[in-house]
Amino acid sequence: MKKNRIISMLSAILLVFSSCEGWLTQKDWNAISTEDIYSSEQGINSIVANLYSRLRYEQDFQTDGESYDMCRWDEATNYSQYWSSAGNVNRDYRSYYDYTFIREINLHIEELKKNASNLSEDLFNYYLAEARFIRAMAYFTLVSRMGGVPIITETMNYVDNPASLARKRDKESDVYDFIIRELDEIKNDLDVRPQGGTITKSRATKGSALALKSRAALYAGSIAYNHDRSETKGLNLPSGATGIAAEMAEQYLQQCLDAMFELDNMNYYSLYKGDANLSDNYYKAFTNNTADNKEIIFYKAYDGINVLNRFTQRALPRSMTSIDKSGAQINPVLNLVNAYELTETHEAKPLEAYNGQQTVETIDETTSTLDYKIFDKPEDIFAGRDPRLAGTILYPGSTFRGNELDLQAGLAILETDGSYTFKVASSIANIATTFHGEGEEKMKVTGEDGPFRVLEGNWYISHTGFLLRKFVDSTNGSETQGESTVPYVVFRYGEMLLNAAEAAFLLNQNGITTYEGQNTKTLALDYINKIRERAGGENFKLADNELTFDRIINERRVELAFEDHRYNDLKRWRTADEIWNGDREDANAILFGLWPYKIYAPGNEIHGKWLYRIVKIENRGSNTDKGTPIKFDLGMYYATYPINEGNTLVEPNPHH
């Protein structure tokens, strides 16, 4: 039975993690025994490759559905965006209960102990620690979605009475304690540096163990810190299966700082600073997967051959795609763009498209008497913004792969009475041939990249006025057949700094003023200012009390955009239902776009200049209900817990 299970694990997915790392080669294992598999590094690596491939990431670059998770909340949208309420993104959203995976990790650990005795002690200890790291990752995924789950560390074989195997849920805090304890026990066995000092990024290392500890401890600490808020919202089960006691916050937050101190003591990881252009530098922190990028701690690797990366194909601007014009499927929204600070004033001030009071327009309106701000070039409205904006998002006037984006919603034709008439191409199909005017006054009406009103068949263009740069491969042709090798970054040093800044800040708020002999408020400032300095921003100042929790929230929002943190952050802060409240009058719950128009006014000084219209994102929800607001239901703080027949020990999650 066990041999068959091991063989099936091998044959399920045999993957090469990275062509440059090349630590796994494929082989036919069907006629080999379990003992033989575990007697060689190649056999063990094949088992481990299968386990790594099954780690759950809601945002993945290999399949369609996972990458679209970027579009479900308030960072981006896409042409098929209907995930707007608990009726669609519901209490089953991100439900995860894969104990088959847990069992196979446990089986792998048992087989290692039985059959890998011929390995050197250091190598055996590494493989064992690596397996426990993968298990800790799986348990973190479980607890962060489901709350407390049974902690099972041995294989459980089938019996005549399955109910006898039933386990009650462990406390949420017990699961976090288990994860942190495991990581503390294995971290030194993972501290393997090959000749030359380069540390791998696609396999478990001491750095990735400390990174997971940092994230897990922060999640547990913030849930404990917000215990009373959870209680008010009915999120704490009496058994402790959900909710963590407030008095436990301090220990978890200190464990988060422990991880940061130890990571720094490795003298290896640092923020990426390989390019003098700050926007390009930030972008390359995610696309440069060479050894000199020591910001990335752990990633999922793609080689474009055995493990395909299809993300660039989906996100690339339409005008640059080489496959069926099928790009532009991830459209950042104005809500996120507005979060990037003005570098001169340090405030996240919304972009201003109008003189005087700002407004929101309906795209159905073809004329307007509004007083628009006029810009010489389309990129001028974004001048003076945090350079991470240009490193993350492609906006009107941006260039990518050496070409300027063709982002133009239409023409704003200036009438004699000072009003504007808006003209757009009738369809995406005839954009290239749609012009207005004659001779030198002849102007293209709509850009190939959009934004464009969503009508039948007009999917693959921007609907917001923005496209994504982060994670999109700048190598020409890399979108073809999933050939991009840009990695999916799971842990990086920048996140560790933000985790530590938040932990130190909350400790200070809780009256803990010193940690390891240092002032906790000063620590918080130091960590967050490292992130701001790398982005070209000025430091927050201790004397001015500039660092607030709202500042930490915003810093995480822009620094970690599209890295699958926003949803989890609002959940653990217990504010998701307040921000995404389903109120169509609340700007936090509605998505917005910024549509650029070129001005047509021959003989007038504004001819050929630009104006913008702020619009609600349409076709979100249904064709009859435009601009449906985002609704986060209380039942979504913990996903639906499976109630298996025969297991009377399991209790459902709150509000289920």
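Q: Is Phe 178 buried or exposed?
A: As a general idea, a residue is called buried when its relative accessible area is under 20%, exposed when it is over 50%, and partly exposed in between, using a 1.4 Å probe and protein chains only. Phe 178 has 6% relative accessibility, so it counts as buried. This is a predicted model, in which local features need pLDDT of at least 70 and side-chain atom pairs count only at pLDDT 80 or more, while totals for chains, interfaces and linings use all residues. Residues are numbered from 1 along each chain as its sequence is written, and side-chain values use heavy atoms, with hydrogens and water left out.

Q: Where does Phe 178 lie, and which residues does Phe 178 touch?
A: Helices (H or I, at least four residues) and strands (E, at least two) are DSSP runs numbered from the N terminus, and Phe 178 belongs to helix α7, residues 172-186. Contact means heavy atoms within 4.5 Å; leaving aside residues up to four places away in sequence, Phe 178 touches Arg 135, Tyr 139, Ile 151 and Thr 153.

Q: How many aromatic pairs are there?
A: Rings of Phe, Tyr and Trp (its six-membered ring) pair if their centres lie within 6.5 Å, and planes under 30 degrees apart count as stacked, over 60 as edge-to-face and the rest as tilted. By this rule there are 40 aromatic pairs. One of them joins Tyr 57 and Tyr 488, a tilted pair with 5.6 Å centre to centre and 45° between the planes. Tyr 57 lies in the loop between α3 (41-53) and α4 (64-67) and Tyr 488 in strand β13 (residues 488-492), so the pair ties together parts that are 431 residues apart in sequence. Tyr 57 counts as buried at 10% relative accessibility, and Tyr 488 counts as buried at 4%.

Q: Which residue has its charged end over the ring of Tyr 283?
A: A charge sits over a ring if NZ of Lys or CZ of Arg is within 6 Å of the ring centre and within 35 degrees of the ring normal. The charged end of Arg 469 sits over the ring of Tyr 283, 4.2 Å from its centre.

Q: What volume does the largest pocket have?
A: On a 1 Å grid over the protein atoms alone, a pocket is an open set of points where a 1.4 Å probe fits, with protein on both sides within 12 Å along at least five of seven lines, and lining residues have an atom within 4 Å of a point. Grid points are joined across faces, edges and corners, and a volume is the space filled by probe spheres set on the points. The largest pocket has a volume of about 920 Å³.
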